[in-house]
Amino acid sequence: MGKAGQARQVFRSYGKNSKVKKVTGTEKSVPKTCKVKKGLVPGSILILLAGRFRGRRAVFLKQLESGLLLVTGPYAVNGVPLRRVNQRMCIATSAKVDLKAAKYDVTDAYFKRDAAKKSKKDEMFTSGKDKSEMSAEKKSGQKKMDEEVVKGMAPDMKGYLKARFSLSAKMYPHELKF
């Protein structure tokens, strides 16, 4: 007759009954930087999709070691500072700016924050403004890098970078040509 209640589970192993041993003491491999999106070359115009500057256009400068993209507005043109952007959070357009072999000595360490001291609850209310502002060297570096980008720009390209990107009714992103 049949079995009453829950059927008995039978686990059978076929082949060799040996367990695989993990090798200990090996170093973890460093992940490789991801490939840059198709059509992205230094000087390409990107549309930022997320973050504080979503909908803004920015100029792609280079890919950093972490795989993130280094972009700038330029700040003087549309207010987008030198930033790191994940390439999934941007759309590459066919528009390009001539960078004239400009050098950008920016790495991921440039964006590293200083270790902030942990404050107690009492100190939080007594202290005034503890907002961290950009250092003078970062501001001068921003101006120097933007200067090289703005040189090779036509006036109509500056107007294009100032304009924000947005979708309206019956505009489908998969049908647009960027």
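Student: What is the order of the strands in the open sheet?
Tutor: Please keep in mind that this is a predicted model. The open sheet has five strands in the order E4-E3-E2-E1-E5, and their pairing is antiparallel.

Student: Which are the edge strands?
Tutor: They are strand E4 (83–85) and strand E5 (90–96), each of which pairs on one side only. From one strand to the next, the twist averages 45°.

Student: Over how many bridges do E2 and E3 pair?
Tutor: E2 and strand E3 (residues 69–72) pair over four bridges, in the antiparallel sense. Gln63 stands opposite Leu69 in E3.

Student: Now the largest nonpolar core: which residues touch the most other members?
Tutor: Of its 19 residues, these are Ile45, Val59, Leu61, Leu70, Val97, Tyr104 and Val149. Strand E2 (57–63), helix H3 (136–151) and helix H4 (155–162) each give two or more residues to this core.

Student: And what is Val149 in contact with, leaving aside its neighbours within four places in sequence?
Tutor: Val149 is then in contact with Val59, Leu61, Thr72, Pro74, Val97, Leu99 and Tyr104.

Student: Changing topic, how many aromatic pairs are there?
Tutor: The structure holds two. In the pair of Tyr110 and Phe111, the ring centres are 5.1 Å apart.

Student: Why is that pair edge-to-face?
Tutor: Because the planes of Tyr110 and Phe111 are at 80°, and planes over 60 degrees apart count as edge-to-face.

Student: Where does the charged end of Lys138 sit?
Tutor: The charged end of Lys138 sits over the ring of Tyr110, 4.9 Å from its centre. Arg57 lies over the face of Tyr160, at 4.3 Å from the ring centre.

Methods: Residues numbered from 1 in each chain as written. Predicted model: local features only at pLDDT ≥ 70, side-chain atom pairs only at ≥ 80, totals over all residues. Heavy atoms only, no water. Core = buried A, V, L, I, M, F, W, Y, C linked by side-chain atoms within 4.5 Å. Buried < 20%, exposed > 50% of the residue type's maximum accessible area, 1.4 Å probe, protein only. Contact = heavy atoms within 4.5 Å. Pairing = 2+ DSSP bridges. Axes fitted to C-alpha atoms, helices over the stretch in contact; angles between N-to-C directions. Phe/Tyr/Trp six-rings, centres within 6.5 Å; stacked < 30°, edge-to-face > 60°. Lys NZ or Arg CZ within 6 Å of the ring centre and 35° of its normal.
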